[in-house]
Amino acid sequence: MISKEVCERVLSKAASTGADYAELFAENTLNHSINMIADRVDSINDTVIAGAAVRVYKGLRSVMATTVDTTEQGLLRCAEKAAEALGQGTAALSITLHERLFGDIHPIRVVPSSVSNAEKVALLKEGYFAAREYDECIRQVSGTLLGVDHRILIASSEGLYAQDRQIRTRMMISAVAEKNGETQTGGCRPGRRMGLEMFETIDPKEVGREAARQAVVMAGAGYCPAGVMPVAIGNGFGGVIFHEACGHSLEATSVAYGRSQFAGKLGQQIANPKVTAIDDGTVPGAWGSINIDDEGTPAQKNVLIKDGILQMYMVDQFNGRRMGVPSTGNARRQSYAYTPTSRMTNTYIANGTDNNDDIIASIEYGLYAREMGGGSVNPTTGEFNFAVNEGYIIRNGKVCEPVRGASLVGKGSDVLMNIDMVGTNMECGQGMCGSSSGSIPTNVGQPLIRVSSITVGGR
Amino acid sequence: MEFQAFKQAVIAAAAARGVAEYELYYQTAESTSVEVFRDQVNDFTAAVDGGVCLRCVVNGKMGYASTEELSEAAAQALVRRAADNAAVLEADTPEVLGQGGKDYEAFAPQADEMPATDALIRTALDAQKALYAADPAVVDGTVTDALAQRLKIAISNSNGLDLEYENTLSAVMLHAVATDGTEKADDFTLKTGALDTLDLPALAAQTAAAAKARLEADVAPTGAYPVVFSPEAMSELLGTYSPVFSSENAQKGLSLLAGKEGEAIAAPSVTLVDDPFYPGSPMPIPFDAEGSPAHCKNVIENGTLKTLLYNLKTAAAAGRETTGNAAKSGYGAKISVSPFTLYLAPGGCTEDELLQKAGSGVYINSLGGLHAGANVISGDFSLQSAGFMIENGKKTRAVKSFTVAGNFYQLLKQITAVADTVKLPRATGITSFGAPRVLVEGLTIAGK
């Protein structure tokens, strides 16, 4: 990667027009995915992302320039472009870099790029054919085995010179089932901040069977009814409710500009006292974990909400300037081509004290959302939506027939107050979160929870 | 290393490995954007990104690899990676590279030159002033952006195909936050066009009004109503469900339109057109991702499915010609199928007449969470919506936080009227989607 001396020269050039902060971010990323459909290995995506970005700040102004030319001349040209765009001024910074080693809390035993395509195909086929052979109503299966090897280097005018290597592995199986001419889908997509040793703890066959199970259950389901009702939301990916209803509104990306439903509410009760919510980038091997964020700040465990009271926001350096608070280790970017901003890592509602059986038994008529799909939110108003991939009607405290095609909508500030029971089986599910700094891996999580009242979009 | 030198290095590396059939797809984008907050430039970005994708045929199988690093070593690694990847594929039909075509349509790009940085800054500043001037309810939090991008695509292969495309576009984005003193709501508008042709006061008025309407909105009542989709909402739906018109998805059992060509799949008032050269399309492009000439075609004509969209591989499998719809989701991605500018053709009634036909119902001008709430395979959707109630054939009070649920395949048949004015509000990558206002019967609204 780029030497300390070259970084010093690039940063000096970047700061030559009076910047009060200069940063170089360089990356070399290998994305490799094997895709199967129609029982065959259909394609392989194999991409090297390599480039760099120079950022400079002056007060509350930020300028970024990017380049794919990472030779010293290319980087200097990029730095010059950023310096020129910042305006006219004289250098105010003297730059001396010190290498820092933050250590690696995610040791990797089997680096994906060191394993042959043939071995990876064999792993994927285990998962793929487990779905294919699950039931005779499975009509189609698609599967992907993804390996990402993301190397980053960050140098800044504050003396930082650090590198990190982030390796991720994910298997994604989707199944299509058909009953009586109606098709439905199911999916299972576990991922870890690990190498291929991930499959020592996650059985590919289980991934395939789970995708197929969902598709088969849903193919037999009728439509979900519409209306306002209590909903029990399952653990794991169910945590997408917190991610959308609250998480995005706690990012400095919206808070610093006053475009958040929770701006100015630190110390206030914004959620039911049953709710404690955490963003933790330090969980070993977890999909959303990082050693350091994309500004070089070490990852932290941040308690966002404790017993319903808002404790803190998720903050990156630049937006932290506007807010007058330090970074919380949440600056993230998809690649050098995106300006980093505050984003989530592994975000979850912590275990509560309610018995899972009691949560279901407490609902006379409502919905049990066992598996959730993705969603989205408007952080300004807090209006969110997310899809129910596998739902069941609850009648008289019992889980009854499956229902399809439901989504849940509401307002974050309302729904957080309505989370009135929190179970004890916290688990995380994996997703890709899209926002202004691109698509990044995040975990969402929670135990089984009850939302006392929410709008269910059915038909 | 520049692309031309890199290309020569790849050609040499391919020859050394005995790879005779190959194609390079080169894409680079230069983009500049300015964001203004509190009447100051808050963020300025000048980005260059892009890379080269190599695909090559080894034993009848097409291997892919791509890189952003252009060097001698990267060229050799690229050929090795693509050949290694081809080796484990289990393709059903042998794949071929394009030969190109005779006639490529000429088109007028929006602009030849990237706008000057000063012009971008002035546009973003003026847009912000216009937003604050549009309504006293517009408050802090409001941001405006001006952006420009120059995209270059080149395809070059061992069949002698050698094509290049370059297009520059610019746009303004207005994001208005409005308040009534206690609550805040927002809305945004993205408009592409040469900077000096953008009517900033009109865009600002429209955006501010939409944010304010959102503020005043109530939750819609639950029930089954006639629904009028705005051009924006209908374009979102079309964009989300456009994969059902892909022959690749049909051949893989992922579209319920498989085997339906020639059959009635929609109401007689529905004609769906894919026109890469549609006037006002921000990205007219003369060739597809395999280098075949792009051209206009009716996908649905008066309710009948005339054709799915094909690339060379899916066309060969179906024993027919490509429709020139080969596409890549990114420069490194595998060739798939996509429309270029897909729009619902105008119908016979005016926008007001359409509301009168609806009588009482819901007008939806905003849909959310389409990536999650719309199942492209089953066609089922349940989507967060906002808009207005329709009473006595007129838009009345604003409504939000409700869902509209139905099934896209059924919706095509449930369209009872199409208005006469097409808008092209949605663009993703090089694909744009458009529609007029549309009246649909039989959908369910879930609110309070």
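Which residue is the bridge partner of A:Ala277 in β16(A)? Some notes on that and on the rest of the model follow.

1. First, the ground rules. This is a predicted model, where local features need pLDDT of at least 70, side-chain atom pairs count only at pLDDT 80 or more, and totals for chains, interfaces and linings use all residues. Residues are numbered from 1 along each chain as its sequence is written, chains are lettered from A and ligands numbered from 1 in the order in which they are written, and side-chain values use heavy atoms, leaving out hydrogens and water.

2. Back to the opening question: A:Ala277 has A:Ile349 as its bridge partner in β16(A). Strand β11 (residues 277-280) of chain A runs antiparallel to β16(A), and 3 bridges join them. Strands here are DSSP runs of E, at least two residues, and helices are runs of H or I, at least four residues, numbered from the N terminus; two strands pair if DSSP finds at least two bridges between them.

3. In chain A, 6 strands make an open sheet with mixed pairing, in the order β13-β12-β11-β16-β23-β22. Its edge strands are β13 (309-310) and β22 (427-435), each pairing on one side only.

4. Have a look at A:Asn355, in the chain A loop between β16 (346-349) and α9 (356-361). A:Asn355 is partly exposed, with a relative accessible area of 39% (buried is under 20%, exposed over 50%, partly exposed in between, with a 1.4 Å probe and protein chains only). Its side chain reaches the backbone nitrogen of A:Asp357 at 2.8 Å.

5. Now the two chains together: 69 residues of chain B are in contact with 69 residues of chain A (heavy atoms within 4.5 Å). Between them they bury about 5400 Å², 48% of it on carbon and sulfur atoms; that is the accessible area (1.4 Å probe) that the two parts lose on being put together, summed over both.

6. Chains B and A share 8 salt bridges (a side-chain nitrogen of Lys or Arg within 4 Å of a carboxyl oxygen of Asp or Glu). One of them links B:Lys400 to A:Glu383, with the closest N and O atoms 3.0 Å apart. On the side of chain B that touches chain A, strand β2 (residues 40-58) of chain B gives the most, with 10 residues.

Technical notes. A polar contact is a pair of N or O atoms within 3.5 Å; within protein, one must be able to donate a hydrogen and the other to accept it, and residues adjacent in sequence count only if both atoms are side-chain atoms.
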